[in-house]
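Keep the viewer open as you read.

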Amino acid sequence: MDDKDLLKNRVVDVFVKTFKISAENYRSDLQPGQLKEWDSLGNEILLMNLEKEFDIEFSEDEILEVNTSGDLEALILSKVSGNESL
């Protein structure tokens, strides 16, 4: 399993815990609003949980560029690349 797979597994875990969904319901093309709980408040909670999980911070500009769960995966990967402890 490579770093990208490990990262995705951790992202899925955060989605599962935040939105109380099964891992099977996670897809990289999920968008806010497709899950009942992924509303504006749910989005803030998700972002805080991801920041905590990966020890990163998202800028407002970065958040505005995110349209799907896959966008979040790519953003996190770009922020932690070079960090050996995914």
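A residue is called buried under 20% relative accessible area, exposed over 50%, and partly exposed in between, using a 1.4 Å probe and protein chains only. By that scale D29, at 44% relative accessibility, counts as partly exposed. The model you see is predicted, so local features need pLDDT of at least 70 and side-chain atom pairs count only at pLDDT 80 or more, while totals for chains, interfaces and linings use all residues. Residues are numbered from 1 along each chain as its sequence is written, and side-chain values use heavy atoms, with hydrogens and water left out.

D29 has a charged partner: R27 forms a salt bridge with it, and the closest N and O atoms are 2.7 Å apart. The term salt bridge stands for a side-chain nitrogen of Lys or Arg within 4 Å of a carboxyl oxygen of Asp or Glu. R27 is partly exposed, with a relative accessible area of 39%. The structure holds four salt bridges.

Another of these pairs K17 with D13, with 3.1 Å between the closest N and O atoms. K17 and D13 are four residues apart in helix α1, so about one helical turn separates them. Helices here are DSSP runs (H or I, at least four residues), numbered from the N terminus. K17 is exposed at 58% relative accessibility, whereas D13 is partly exposed at 32%.

Which parts of the chain does the pair E62 and K79 link? E62 forms a salt bridge with K79, the closest N and O atoms being 3.1 Å apart. This pair links distant parts of the chain, with E62 in helix α3 (residues 60-65) and K79 in helix α4, 17 residues apart. E62 is partly exposed at 23% relative accessibility, and K79 is partly exposed at 30%.

Now for the packing of helices. Two packed helices are described by the angle between their axes and the distance between the axes. Helix α1 (residues 3-19) packs with helix α4 (residues 69-80) at an angle of about 125 degrees, their axes being 10 Å apart. That makes α1 oblique to α4, because angles under 35 degrees count as roughly parallel, over 145 as roughly antiparallel, 65 to 115 as roughly perpendicular and the rest as oblique. Axes are lines fitted to C-alpha atoms, for helices over the stretch in contact, and angles run from 0 to 180 degrees between N-to-C directions.

Finally, look at helix α2 (residues 40-54), where L41 lies. L41 is exposed, with a relative accessible area of 57%.

Note on methods:
Helices (H or I, at least four residues) and strands (E, at least two) are DSSP runs, numbered from the N terminus.
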